Amino acid sequence: MDGWSFANFLYELTGLYLQKMGRGIPALPSASGLEYSQFIALEKQALQDQKQKEFWQQQLLEIPFTKLPRLPIMTSWEFIPKVGKADITLTQTTSQGLKDISHDLGVPLRTVLLALHLHILSIFSGEEEIVTGLVSNGRPDTTDSDRVLGLFLNTLPLRMKLPHGSWVELVKKTWQAEQAIMPNRRFPLAELQRLNSNLPLYETSFNFIHFHVYQGLLNWRDIELLQSKSFEETNIPFAVTWNQEVGTANISLNITYNHSEFTQEQVDNIANCYRTCADLLTQNPLSDREFLLTPQEVITAEQIIVTGK
């Protein structure tokens, strides 16, 4: 199941347990009449929709492949875990600044963070037209669909030529690209890959999560969060997840990457670039983002020589 389904399952299971134990927890709402099969039906409809197929055929036409630079792997990856992680947490000031920009522009916080992600990929790839995997939610647009358990995610290729100018212009262009994908978000990835001659569509991905249902758990006096631990493995070499955390004002970033493709030092540098650009974005969203940061400011001169950047 996807992350939201698991969060909702844990919330309802804990609530039911506390209710049975007589801890004063009100009865949970009755089970939703929706079934996971309705999502499968929507996917099948998308496959048969000629307009959706034409949309994606246009998107895939001469689609570029955005590739991050590689550095020499000095240690045999056979002796280290296949999947590595890099985590950062933005300051409360920067986190609130991103939320304020989201509110002022009338777009979701996810869009602001996606725009930041595209900017970073442009810096390190040296390209203006970027393709990245966008994790999208395909749940039915009906009441209580958020309570159905299952896997409703689809990682779609988001293709966008970044505009010149300010951060605000980039966020607005990103919002337009998201809106174009929205009615076509249930078109199965497997079919997209087939349309692309089974060639890979992207090597990076973007996801944004805000499991606010966990706040209900934290509000119950019998519940105390002692520790949290997660495990993730993906076939995407460089997967970025932003998290609007519950119980705190901070926004955090997690990068899951393939150790055989990237070094820990390289990914740490890229993560710090995300942090720096987030700070710059909040300090002056109307400034020209193209002259704020270059690869030379986030990776060492030796690495630049190695990669030719």
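**Close-up views of a predicted model**

**View 1. Phe-6 sits in helix α1 (residues 3–20).** Helices here are DSSP runs of H or I with at least four residues, and strands are E runs of at least two, numbered from the N terminus. The model is predicted: local features need pLDDT of at least 70, side-chain atom pairs count only at pLDDT 80 or more, and totals for chains, interfaces and linings use all residues. Residues are numbered from 1 along each chain as its sequence is written, and side-chain values use heavy atoms, leaving out hydrogens and water. Buried means under 20%, exposed over 50%, and partly exposed in between (1.4 Å probe, protein chains only).

**View 2. Helix α5 spans residues 109–125.** The 17 residues of α5 reach 25 Å from first C-alpha to last, close to the expected 24 Å. The expected span is 1.5 Å times one less than the number of residues. In α5, 16 of the 17 residues are buried, so the helix is largely enclosed by the rest of the structure. Gly-126 follows α5, with a positive phi near 75°.

**View 3. Six strands make an open, mixed sheet.** The order is β1-β6-β5-β4-β2-β3. At the edges lie β1 (83–89) and β3 (153–161), each pairing on one side only. Two strands pair if DSSP finds at least two bridges between them.

**View 4. Strand β1 meets β6 (residues 251–258) in an antiparallel pairing.** Seven bridges link β1 and β6. Which residue of β6 is the bridge partner of Lys-85? That partner is Thr-256.
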